[in-house]
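Please read them with the model open beside you.

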Amino acid sequence: MAGAAPDRVTIDLRGIGDAVRRAASERGATVAALARQALIHEVGPQPVAVTATVSTEQAPFEPVVKLTLRLRHADAEALILAAGALGLSYGEYVAKLVHGTPLPAPSGERRADRAALLPSTDQVAAVATDLRAFIRLLAKLDTRGMEPYRERMRSLDADIRRHIDLASKLIAGAD
């Protein structure tokens, strides 16, 4: 496409912006990444010039630079698909590879894990409520021989609370 305009477009979402942002968020993607995926789906795979930007999430005070990569078509496609499957931008994906940091599980798998964790966490929370009631009952007993059990129950209660806090953050997507 000789003389083609830059690969940038502005889209008037005409009232569907909230739904688009919600769909992108549910997929762990940006609105731009969601739009690219929809366009790729519509037009089919095309030769792609890939532009990667360094994520500001890991280092918010470092300047962000734009980096253009020249890759064979198959490699560019593989990068796009791999980053998209993980819910990462191209820049985040490449930065993780460069730094040798572990890649997250695919975004669909993370969503499934969160969905499975929710009922389990609810059950643990119910057990925690019963445990607190049991601790209160133990506190009413005036036998010194019960103190080691009371301490273990308090420790278990604290462990359960930490687990619920961590699981809640994961379920909410704050990983």
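1. What percentage of the 175 residues in the protein chain do buried residues make up? Buried residues make up 22% of them. Buried means under 20% relative accessible area, exposed means over 50%, and partly exposed lies in between (1.4 Å probe, protein chains only).

2. A word on the basis. This is a predicted model, in which local features need pLDDT of at least 70 and side-chain atom pairs count only at pLDDT 80 or more, while totals for chains, interfaces and linings use all residues. Residues are numbered from 1 along each chain as its sequence is written, and side-chain values use heavy atoms, with hydrogens and water left out.

3. The overall layout. The protein chain has six helices and two strands. Their order from the N terminus is α-α-β-β-α-α-α-α. Helices (H or I, at least four residues) and strands (E, at least two) are DSSP runs, numbered from the N terminus. The accessible surface of the protein chain is about 12,900 Å², and carbon and sulfur atoms hold 59% of it. Areas come from the Shrake-Rupley method with a 1.4 Å probe; for residues, only the protein chains shown count as cover. Take the contacts between residues at least 6 apart in sequence: 45% of them join residues at least 24 apart. Contact means heavy atoms within 4.5 Å.

4. Helices α3 and α4. The axes of α3 (residues 73-86) and α4 (residues 90-99) come within 9 Å and cross at roughly 95 degrees. The two helices are therefore roughly perpendicular to each other. Axes are lines fitted to C-alpha atoms, for helices over the stretch in contact, and angles run from 0 to 180 degrees between N-to-C directions. Angles under 35 degrees count as roughly parallel, over 145 as roughly antiparallel, 65 to 115 as roughly perpendicular and the rest as oblique.

5. Who makes that contact? On α3 the residues are L79, I80, A82, A83 and L86, and on α4 they are Y90, Y93 and V94. By class, the contact of α3 with α4 has eight nonpolar residues, no polar and no charged. Here Ala, Val, Leu, Ile, Met, Phe, Trp, Tyr, Cys and Pro count as nonpolar, Asp, Glu, Lys and Arg as charged, and the others, Gly among them, as polar.

6. The largest nonpolar core. Eight residues form it: L79, I80, A83, L86, L88, Y90, Y93 and V94. A nonpolar core is a set of buried Ala, Val, Leu, Ile, Met, Phe, Trp, Tyr and Cys residues joined through side-chain atoms within 4.5 Å. Both α3 and α4 supply at least two residues of this core. The most come from α3, with four. Apart from this core lies another, of five residues, including L131, I135, I160 and I164. In soluble globular proteins, nonpolar side chains tend to be buried together.

7. More on α4. Seven of its ten residues are buried, so α4 is largely enclosed by the rest of the structure. Those buried are Y90, G91, E92, Y93, V94, A95 and K96. Leaving aside residues up to four places away in sequence, Y93 touches L79, A82, A83, L86, L88 and L103. After α4 comes G100, whose phi is positive, near 70 degrees.

8. Links across the sequence. L118 lies in α5 (residues 107-140) and is partly exposed at 42% relative accessibility. L118 and I171 are 53 residues apart in sequence, yet their C-alpha atoms are 6.7 Å apart. L170 lies in α6 (residues 147-172) and is partly exposed too, at 33%. L170 and R110 are 60 residues apart along the chain, with 9.3 Å between their C-alpha atoms.

9. R111 and its partners. R111 sits in α5 and counts as partly exposed, at 36% relative accessibility. R111 touches E26 and R27, with residues up to four places away in sequence not counted. R111 and R27 are 84 residues apart in sequence and 8.2 Å apart from C-alpha to C-alpha.

10. One backbone point to check. R14 is not a glycine, although its phi is positive, about 45 degrees. R14 falls in the segment before α1 (17-26). R14 is exposed, with a relative accessible area of 71%.
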